[in-house]
Amino acid sequence: NRYDEAIELFEKAIKKDPKFTEAHLALATNYQIFGKYYDKMLYHYEQAVKSSPDNRKVMGAYYTLAGENLKQGKYDVAKQYAEKFISFGEIPENYT
């Protein structure tokens, strides 16, 4: 199906360029939306923030990682992600 094809293409792109932030974000978002592969979702959000830590396009990744680590009881890690999310400054009104 088309979803699997898209996933495969993003994974190929990341193999060519492991720091391809947009591909990591796309994979993480798809895994999150479809509720598949929770660990892969976290991995790709983590890779996105590692590849572009100060870019506003990864703001949502920080938000998600803060929330997921909070759910897992990893409070120190959640706090670090939340602080980085907040450090971007103005947060859109309907962000969540």
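Q: What pattern does the chain follow, read along the sequence?

A: Reading along, you get α-α-α-α-α. Helices and strands here are DSSP runs numbered from the N terminus, with at least four residues (H or I) for a helix and at least two (E) for a strand. On that basis the chain has 5 helices and 0 strands. Bear in mind that this is a predicted model, where local features need pLDDT of at least 70, side-chain atom pairs count only at pLDDT 80 or more, and totals for chains, interfaces and linings use all residues. Residues are numbered from 1 along each chain as its sequence is written, and side-chain values use heavy atoms, with hydrogens and water left out.

Q: Is histidine 44 buried or exposed?

A: Buried means under 20% relative accessible area, exposed over 50%, and partly exposed in between (1.4 Å probe, protein chains only). Histidine 44 has 7% relative accessibility, so it counts as buried. It sits in helix α3 (residues 38-51).

Q: And what is histidine 44 in contact with?

A: Contact means heavy atoms within 4.5 Å. Setting aside neighbours within four places in sequence, histidine 44 is in contact with Ile14, His24, Leu27, Ala28 and Tyr31.

Q: Where is threonine 21 placed, and is it buried or exposed?

A: Threonine 21 belongs to helix α2 (residues 21-33). With a relative accessible area of 2%, threonine 21 is buried. Beyond its neighbours within four places in sequence, its contacts are Ala48, Ser51, Ser52, Lys57 and Val58.

Q: Which residues of α5 are buried, and why do they line one face?

A: An α-helix has 3.6 residues a turn, so residues three or four places apart point the same way. In α5 the buried ones are Ala78, Tyr81 and Phe85. Seen down the helix axis, they fall within an arc of 70° (the arc of the directions from the axis to the C-beta atoms), so they line one face of α5. Their cover includes α3 and α4 (59-71). Over on the other side of α5, Asp76, Lys79, Gln80 and Ile86 are exposed.

Q: What comes just after α5?

A: There, glycine 89 takes a positive phi of about 90°.
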